[in-house]
Amino acid sequence: MNKSIVIDGKNIPFEDGQTIMQAATAAGVYIPHLCHNPKFTPHGSCKLCTVKVNGRNCSACTFPAAEGQTITNITQELNDDREKITQMLFVEGNHFCPSCEKTGNCNLQAVAYHLGMTDNHFPHFFENREVDASHPDVMIDHNRCIFCTLCVRASQQEDGKNVFSISGRGIEKRLVVNSESGLLKDSDLDVNDCAAHICPTGAILIKRTGYKVPIGQRIYDHSHIDTITLAAEGASHDE
Amino acid sequence: MTNKKVKVATVSLAGCFGCHMSFLDLDERLVELVEHVEFDRSPLTDIEHCSSDCDIGLIEGGVCNSENVHVLREFRKNCKILVAVGACAINGGLPAMRNHISLEDCLNEAYVSGVGVENPQIPNDVELPLLLDKVHPLHEVVKIDYFLPGCPPSADVFWKFLTDLLAGREPSLSYELVHFD
Amino acid sequence: MQQFIRQLAQENDFQSTRLLKILRAVQARYFHIPKAAIEQLALILSIPRTQIQNVIEFYSFFHLEPRGKYDILISSSITDLMVGQEELINYFSEKLGVKIGEVRADGVVSLNNTSCTGMCDQSLAGLVNGYALTNLTKSRIDEIVENVNKQLPLEQWSSDLFTVADNIIKPDLLLNQKPTQGEAINATFARGLKETLDEVEKSGLRGRGGAGYTTAWKWKFCSEDEGICDIEAQRQKQRYIICNADEGEPGTFKDRVLLNSYADSVFEGMTVAAAIIGATQGFIYLRGEYLHLYEKLEAILAVRRNANLLGKNILQHGFDFDIEICLGAGAYICGEESALIESLEGKAGIPRNRPPYPVTSGYLGKPTSVNNVETFLAAANIAIHGGDWFANLGTAKSKGTKVLSISGDCAKAGIYEYPFGTTIQTVLDDCGATDVLGVQVGGPSGTFISNDEFERKLAFEDLATGGSFIVFNNSRSILDVVHNFSHFFAHESCGFCTPCRVGTSLLKKQVDKIVEGHGSAGDIVALEELCQLIKNYSHCGLGQTAANPVLTTLERYPELYQNMLKKISYEPGFDLDKSLETARRMAHRDDAAAHLAQVE
């Protein structure tokens, strides 16, 4: 392996066919992201992984690494804008962390912490969104969905099913369930499906598991998302 | 730190006083704090209105009624630095979870048709503040200078934030101190 | 219904790629897509029901709840607002007895706004069951109301209501050509495919949709490594030619005219391109708003098939090619080439990640060249007359001519063709525009230029445009224009990426706040910050240009925005007193304490 790209002044080796994200993760460089998971086809929608490639903004999770790329990732400008994009997600949905079972283990929250976000900056939408608690083991709280499509992809690519989809246009977008009633209980989702566990926020939760881990021992109580992610996704890349 | 004491005002709007309780968790550090700080309007002092020369206003809770708006404006007018303290002040928090229910339904459930309601009627005394149709975070009503997240922010957060300000430093919270819950 | 759906699916070979076509038929017949139809279609097309649901919810012209038997949509483009759209739609609403956005209780009629329908030269424009209505006035509205109330079938409505004029005011190089059928194809094969591609390259032709990618390169990339211009070699590998006739940019209507009066040349351009890249199948993606052109275009295709200008072994050149017309269903984003391809595949029009580009992986994953209607028209004529004929006009970087759709405050709205390099002033003089405040060049995604800039030129290197050219005189308010455009983008954002999905809605709110006079000191900074985020981080061209109306006017008229601000440090973005309305009503109070001032 002798091809390389430069990220924040550091030479990062890559192989043909790798995205910038893949090369970075393999080399232990964290690029903030929410909709990306190395197990599934990259989606490129959250835009948190935007990096500057030779001066031009590109999504690291979808953009192929190529010789000659000089990339900036951790800069004040990019991180400030990533914080604003995260704030957009917070005002779009209804994210009330203190009453969410995912708190402390939530990637949306952890990315916000990582970026030093302390407020939501923009006016809130306060849209009415539903909760689907029909399934015996899994529930959906649409208030917390950020349309990352990880559950959609996990169901298709890992579970060999097609339980979830995103429907609608623009700000009207919503997560929908593939069942005649539209309810989760009538879909073929099983509690052991990857799709039931992949949600980066508290939108899809396993029932009767909330608050089991005491405060202080949750994933992001003491560890930054960069460390956690690199440990998890770096390993996944090596598979 | 200068000799003149810094004037701090505090209030709880649509909150639960949990942030104030957490503030009191400063315990013995409160003694050190009052050497540099003088409390103005606050539930801790029972002073009813802000002096016109407050330095720091700490506001817990979001804005759910007309009185909250008046109080928040009084703070903005009289405090040099206005701080949103806690989840409710920052995004409406728990009270804002009523935002997906119409105010009409809320009032009817509470005062007219709810289980156990006797003598059903919507309270209409002119002394009572009217509810806004949605609960809003502070930054949607006045300009806010700093945000202290947490439900509640721990005493350490208050300590770090205030001691930074008193020392003339830009307040900065470490990773361990920033949490939304 | 079951039998209808079954037959419909059968007519479409049970192909899920034809989903939009199938749903259009269901919508037309049942005024919505019934749940049972979704279930049945999912089963017989072998696609998840959620894909169908997504398509219905994505496109403006599909509905899960029934619309009226007569579904009337009124264009809310800025040019419609300039002829009093608001008053007229309210008049319509009153006369019909139906609220805007709703269906009348008897189910006969529904009324709503819609994005620009491409009739800006004959505003007020609208659609009834998808068919274009033009020049709507109170008296024409009265006539329509009467027709609706009598439940007269559309065929019996006065054809005058549906008249769509071409309004070609100033033809030049391209619009003066009337080649005979087959002329471009024969010229291409006579000269040779490779040689014709060279001529197209020599002509300097660049994409006419606005982005301006060099056409010859696009065609070359489409068949790289596969022996370009070698039909035999290319037959091995499926490729597609797509004509992008989804001109949704408000203020653009030139493709409507080109397809109405120059369709043969456009089809011929597609055929030439297909021969060069080795495609055997072509599509025209026609925006749903141009339904009125559909039958006419089908008829022309039929004539061409009969004349062996399409089909097998075209004009004995050993080359097969045919064209299918696919109608859109109300989504501006489908003008973006990869969103258009998604739509052609029977899906929501969400722009793809690039790379790969359509030229390597397009329709059904095959190499695909998507070109604008005008590009194909130019290519056909270049095939006949050669590259120099075209390249002799224009500027160094922008060869040939550009067809403009001119509307707004001018004496003669319509179609004008100019060599690139023409100044804005010349155009304004020709169209009879006086007392001009500014011009929106390239539509909302383009640039607003002030009356200090009329010596600027139409050219990719100066003012690029897909053809939209909207003139505003001094009686107009720039902020009204920005307001309209911001609402347009929020409505048309596909919602795929965060900055555009959330950002365009936030931008709409922020513009509303300022335009409605509730802005204060920090609001312009907040506005600009938001614009930069949307522009710099959005996934595709829609988001990247959605802030242009604000950015280009803020740059030119900062004082206009500043003057809207109150001289206070902050004002809430929502109406405080209005938020007390419910509580006031329920408590039967109206005393002083039951009200809030917006600012202290």
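**A walk through chains A, B and C**

In chain C, C:Glu155 lies in the loop that runs between helix H7 (138–149) and strand S5 (168–170); helices (H or I, at least four residues) and strands (E, at least two) are DSSP runs, numbered from the N terminus. The model is a predicted one, in which local features need pLDDT of at least 70 and side-chain atom pairs count only at pLDDT 80 or more, while totals for chains, interfaces and linings use all residues. Residues are numbered from 1 along each chain as its sequence is written, and chains are lettered from A and ligands numbered from 1 in the order in which they are written.

C:Glu155 is exposed, because 6 other C-beta atoms lie within 10 Å. By definition, a residue is buried if 20 or more other C-beta atoms lie within 10 Å of its own, exposed if 12 or fewer, and partly exposed in between, with C-beta atoms placed from the backbone. From C:Glu155 to C:Glu102 the separation is 53 residues in sequence and 25 Å in space, C-alpha to C-alpha.

Chain C also holds an open sheet of 4 strands with mixed pairing, ordered S2-S1-S3-S4; two strands pair if DSSP finds at least two bridges between them. Its edge strands, S2 (109–114) and S4 (131–133) of chain C, each pair on one side only. Direction ignored, neighbouring strands of this sheet are turned by 25° against each other on average; axes are lines fitted to C-alpha atoms, for helices over the stretch in contact, and angles run from 0 to 180 degrees between N-to-C directions. Strand S1 (residues 70–75) of chain C runs parallel to S2(C), and 6 bridges join them. C:Asp71 stands opposite C:Ser110 in S2(C).

Helix H16 (residues 373–385) of chain C is mostly covered, with 12 of its 13 residues buried. Among them are C:Phe376, C:Leu377 and C:Ile382, together with C:Glu374 and C:Asn381. H16(C) reaches 19 Å from its first C-alpha to its last, close to the 18 Å expected at 1.5 Å a residue, where the expected span is 1.5 Å times one less than the number of residues. Just after H16(C), C:Gly386 takes a positive phi of about 90°.

Chain C is divided into domain 1 (2–58), domain 2 (70–165), domain 3 (169–391), domain 4 (403–476) and domain 5 (479–562), with bounds that come from an automatic or database domain assignment. The C-alpha centres of domains 4 and 5 of chain C lie 23 Å apart. Across their boundary, 9 residues of domain 4 are in contact with 11 residues of domain 5, contact requiring that the C-beta atoms of two residues, placed from the backbone, lie within 7 Å. On the domain 4 side, the largest share, 3 residues, comes from strand S13 (residues 447–450) of chain C.

Between chains, 19 residues of chain B are in contact with 20 residues of chain C. On the side of chain B that touches chain C, two or more residues come from each of helix H3 (66–78), helix H5 (103–113) and strand S6 (131–136) of chain B. S6(B) gives the most, with 4 residues.

Chain A contributes an open sheet of 5 strands, in the order S2-S1-S5-S3-S4 and with mixed pairing. Strands S2 (10–13) and S4 (56–59) of chain A stand at the edges, each with a single partner strand, so one side of each is left without a neighbour in the sheet.
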